[in-house]
Amino acid sequence: MKKYGVVLIGCGYMGTLHLDAIVREERVRLVGVVDWNKEKAAQVAHKYGAKCWSNDYRILIERSDVDFVIIATYPSSHLEIAKASIAAGKHVLCEKPIAKSAKETLEFVKMARESKPKVLIGHILRHNSTYQAVMKMIHDGAVGSPMVMRFTQLKQSKDWAAHLSLLKDVSPIVDCGVHYIDVMRWATGADVLSVNGIGQRLDEDVPPYTYNYGLITLRLSDGSVGSFETGWGSGMPSDNRKEFIGPAGRIRIIYKCDRPHEVQHLGNMIEYEDYRKGTVRHMNIDFSEKPTGAQLNYFLSMIENNLSSWPLLDEAYRAMEIALMADQAILDGMTISCT
């Protein structure tokens with residue numbers, strides 16, 4: 001069995017989730033970790049058993065024992081790191097959002113289309129067994145069409161400095177919205193026709209060109225509509241509503257962490273109300289760990305079986321394109337056509 005050497009770039013929250021998946025995967029060997037803070041890189045390398053560490057990714061991606069790179073840095077550095085990694089012949093798993101701007105996003109996708117190494121964007125919900133189960137139910141007609149899709153992801157910032165640094169790169173609508181715009185398109189099989197929204201700068205240290213609370217609404221080509229509300233801040237309430245409502249029924253996802261403590265061992269829950277039968281059913285979906293492991297397994301199958309980076313990269317690009325339009329709609333105070 002081949003063991004694939006990997007370098008992890010970016011030792012923040014998502015970086016550690018990727019590292020947790022790496023150490024569980026017997027086909028992968030952690031060669032090195034990179035972080036701008038060299039002391040942090042050394043600490044993480046020691047914790048996860050990496051052979052080496054650095055604050056300069058260029059040193060490690062050129063190593064002959066490295067097969068792929070995971071990029072878990074802020075979006076403004078994604079394109080530069082991906083370019084260098086692909087030029088070094090390494091496969092790339094890059095966190096979302098794809099890049100900081102529309103121009104860089106398009107350049108990244110064009111590069112990936114022409115790349116011999118495989119490229120996967122970290123749209124982790126595509127590899128989440130709970131969302132996969134819900135998508136099957138929807139596609140089998142459980143709620144009917146058209147739908148109303150309501151998604152909320154508000155977070156009380158436990159590390160405001162980290163969120164503030166991220167806000168300098170992207171708004172929460174772009175950072176989180178790419179996931180749920182993708183989910184709306186996945187659920188309906190339709191594209192987004194238009195988007196509008198509102199935003200609010202709730203903390204004085206938020207940069208004046210952005211906001212830390214946003215709400216967007218979208219119209220899709222099958223007649224469905226969707227909304228996504230998100231925000232970060234010390235005074236922000238925690239809210240994780242994920243709901244699909246149709247003429248035949250309603251599906252709600254309740255995360256493990258939002259369930260009563262005594263039943264959290266049962267994992268996530270899917271609540272399904274069937275209007276036709278007048279029944280409500282609850283399904284427990286095992287969720288013992290973040291699906292970075294399932295995503296890593298898919299990425300390895302891309303490499304081993306020569307699977308195309310498309311259509312997932314195409315879906316990630318379209319979600320990013322719409323998220324950037326949504327961001328602009330908020331800043332300009334207008335509805336933007338996405339066609």
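How many residues of domain 1 are in contact with domain 2, and how many of domain 2 with domain 1? Hi everyone, let's start there. The count is 14 residues of domain 1 in contact with 14 residues of domain 2. Please keep in mind that we're looking at a predicted model.

A quick orientation, then. Domain 1 runs over 4–122, and domain 2 is made of 126–290 + 321–337. If you take the C-alpha centres of domain 1 and domain 2, they lie 27 Å apart.

What about charges and polar groups? There are 2 salt bridges across the interface of domain 1 and domain 2, and 4 residue pairs in polar contact between the two domains. Which elements give two or more residues to the side of domain 1 that touches domain 2? They are α1 (13–24), α5 (102–114) and β6 (119–122). Of these, α1 gives the most, with 3 residues. By type, that side of domain 1 divides into 7 nonpolar, 4 polar and 3 charged residues.

While we're on salt bridges, let me show you two by name. The side chains of R24 and E289 meet in one, at 3.4 Å from N to O. R27 and E304 also meet through their side chains, at 3.3 Å, N to O. Over the whole structure, the search finds 22 salt bridges.

Last stop, a pair of helices. Two packed helices are described by the angle between their axes and the distance between the axes. For α6 (residues 129–139) and α8 (residues 172–188), the angle is about 35 degrees and the axes are 10 Å apart. And which residues meet there? From α6 we have Y131, Q132, M135, I138 and H139, and from α8 we have Y180, V183, W186 and A187. That contact divides into 7 nonpolar and 2 polar residues, with no charged ones.

Note on methods. Residues numbered from 1 in each chain as written. Predicted model: local features only at pLDDT ≥ 70, side-chain atom pairs only at ≥ 80, totals over all residues. Heavy atoms only, no water. Domains from an automatic or database assignment. Contact = heavy atoms within 4.5 Å. Salt bridge = Lys/Arg side-chain N within 4 Å of Asp/Glu carboxyl O. Polar contact = N/O pair within 3.5 Å; in protein donor to acceptor, adjacent residues only side chain to side chain. Helix = DSSP H or I, 4+ residues; strand = E, 2+ residues; numbered from the N terminus. Nonpolar A, V, L, I, M, F, W, Y, C, P; charged D, E, K, R; others polar. Axes fitted to C-alpha atoms, helices over the stretch in contact; angles between N-to-C directions.
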